[in-house]
Amino acid sequence: MGNGMFLTEEEKKILDGEFGETLQKVMKTVVLYGQTFGAKRLVKLDGPVHLVTSFGIPMLTPVFEMMEELIKSNIKAREPFTVDPRPLDYRNVPVSIAKKLIFKVMYGKQKEYEVQLKAVGLKDDNAFTCACYLPEVGNIPKKGDILAWAESSAVVYANSVIGARTNRNSGIIELMSGILGKTPEFGFITDEGRKATWLVEVKTSNLPNPQVLGSAIGMKVVEDVPYIIGLDKFLGLGLSDDTKDYLKDMGAASASNGAVGLYHVENITPEAVEMGRNLLVDGYKSYIIDDEEIKRVINSYPVMWKNINAKPKLCFIGCPHLSINQLYFWTERIIKALENIGQKKLKITTILCAPPDVIDAFKRDEKTYNKLIQTGAKITYICPLMYMNNPLCANEAVITNSNKLRTYSTARFYLDDEILERIVRGY
Ligand code: F3S
C-alpha cells in the first residue's frame, strides 16, 4: 500500500493498523482512492466535510454496517459536518397513503441512519441541506481552503464562487476524509487542475436564466473547466448576494447537465478576479452563447410526462436549496402576481425548498412568512429529487424551475416567469 504515494510516518502507522483495524480500513480506502486518481500525497483539510448520502435507503446495508463499525470503534469526523437534505417532510409535502407506503420502503432506515450520522459527527438537526455554505447554515469555507465534499452543486459552488478547493468525491469517501482530516491531492486541489480549457462567451441581449446558462455550459464542456466572459455586463463586478444566488443556480445546472466542478467568471469569481485570462490553458476551446443558443437549449429538453397536456399537480422551486434572499424574492413575486389578478390562493401546490436554518430565519419574519403561507405555498427542507424518486410521484405532472431536477426526474422545466404564471393561474 501507499504505492506511488508519499505517506507520513503517522499515516503509515495508521495504514499498518497501529491505531486499530477500523482506522486502518479508513486510511486504506482513502489511499486507494487517491492512487486511482494519481495523487502523490494526502493533504490536510481546512474545513468540515459535506456528505452527499443523507437518506436511509434500506438496501444501502454496507453503509449502515460501516457506520456501525465506526461508531463501535469510537471514530468520528474531526469537525462537525453537514449533509444533503432529508427526503421526507409529510407536514409540508403531504402525500397519499399509497405514496407513503412506498416512501416507507424507500427510506425505511431514515431514523436509524440519522442516529448514525450524529454519532459520527453530524453538526446538528438542522445540518441537512445541499446549500451548506449559506451564512445561516454555517459550513462556510474560505478561499484556498482544502475540502473533501461530494454533493455536486455544493462542490461547484465551493470551488468557483468561494475559491476553496475540493474534488467531487464519491459518497462515503468524503466521510472517510473527514475522519482522517486529509484528502488525496489531485484534480481541483492542484493549481494545474484549476486551469480553464474552455472560453465561454455570453453574448445574449439580456441576463440569461442561470439554470439554462448552466445547462448549456454543462452540456458543452461536460467535465472541463470553463472561463466565462460577458456576465459582468449584467451582474456587475464582484460577488453581491444576488450574484452569488445566480451562480449557485447556474453552477448546479452545469454540474448536473454536465459534470462541471469548477468554473471561473471574468471579473466576478475570486480566482478570475486575481488571475484573469491567465487561467486559460494554451489551445483552449471556445463556445459562444447567444439568444439563439439559449432558445435551442431550452427546446432540446424532453418532456417526460405521460400526458404532455396534463394540468400540473405540484411545483418545486429550490433545487439547489433557496437562499433567504431567494425566499423573499419568490414570496414577493407570488403575492404580487396574485394581487394583480385579484386572487388569494395559488392554483397549483407550490413547494419552496430551503435549508432548515434558512427556513427558521425566514419564519422569524412572521408577517412575511404568514403572507406566503396564506397563498397556499409551502416551505420545506426536503430534496425534491428524493420525493420524485417515488414511482407514484414520478407519474404525476410536476413542474420546476430547476434544471437539476428536470435532468434527474420526470419534472418539467419552465422559466421563472412561466412557473409563476402557471402556479397563479393553474395552467
Ligand atoms: Fe439539492 Fe436535492 Fe437539488 S440535493 S441540488 S435539492 S437534487
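Which residue forms a salt bridge with R296, and how far apart are the closest N and O atoms? The partner of R296 is E293, with the closest N and O atoms 2.8 Å apart. The views below come from a predicted model, in which local features need pLDDT of at least 70, side-chain atom pairs count only at pLDDT 80 or more, and totals for chains, interfaces and linings use all residues. Residues are numbered from 1 along each chain as its sequence is written, and side-chain values use heavy atoms, with hydrogens and water left out.

**View A. Salt bridge R296–E293 in helix α12 (residues 291–299).** A salt bridge is defined here as a side-chain nitrogen of Lys or Arg within 4 Å of a carboxyl oxygen of Asp or Glu; by this rule the count comes to 22. R296 and E293 are three residues apart in α12, so about one helical turn separates them. Helices (H or I, at least four residues) and strands (E, at least two) are DSSP runs, numbered from the N terminus. R296 is partly exposed at 48% relative accessible area, whereas E293 is buried at 12% (buried, under 20%; exposed, over 50%; partly exposed, in between; 1.4 Å probe, protein chains only).

**View B. Salt bridge E69–K25 between two helices.** The side chains of E69 and K25 meet at 2.8 Å, N to O. E69 belongs to helix α3 (residues 61–72) and K25 to helix α2 (residues 21–36), so the pair ties together parts that are 44 residues apart in sequence. E69 is partly exposed, with a relative accessible area of 27%; K25 is also partly exposed, at 37%.

**View C. Salt bridge E266–R277 between two loops.** The closest N and O atoms of this pair are 2.7 Å apart. E266 lies in the loop between β7 (264–265) and α11 (270–275), and R277 in the loop between α11 and β8 (280–289), eleven residues apart. E266 is buried at 14% relative accessible area, while R277 is partly exposed at 45%.

**View D. Open sheet of five strands with parallel pairing.** The strand order is β11-β10-β9-β12-β13, where two strands pair if DSSP finds at least two bridges between them. β11 (378–380) and β13 (412–413) stand at the edges with a single partner strand each, so one side of each is left without a neighbour in the sheet. Strand β10 (residues 349–353) pairs with β11 in the parallel sense over three bridges, and C353 stands opposite T380 in β11.
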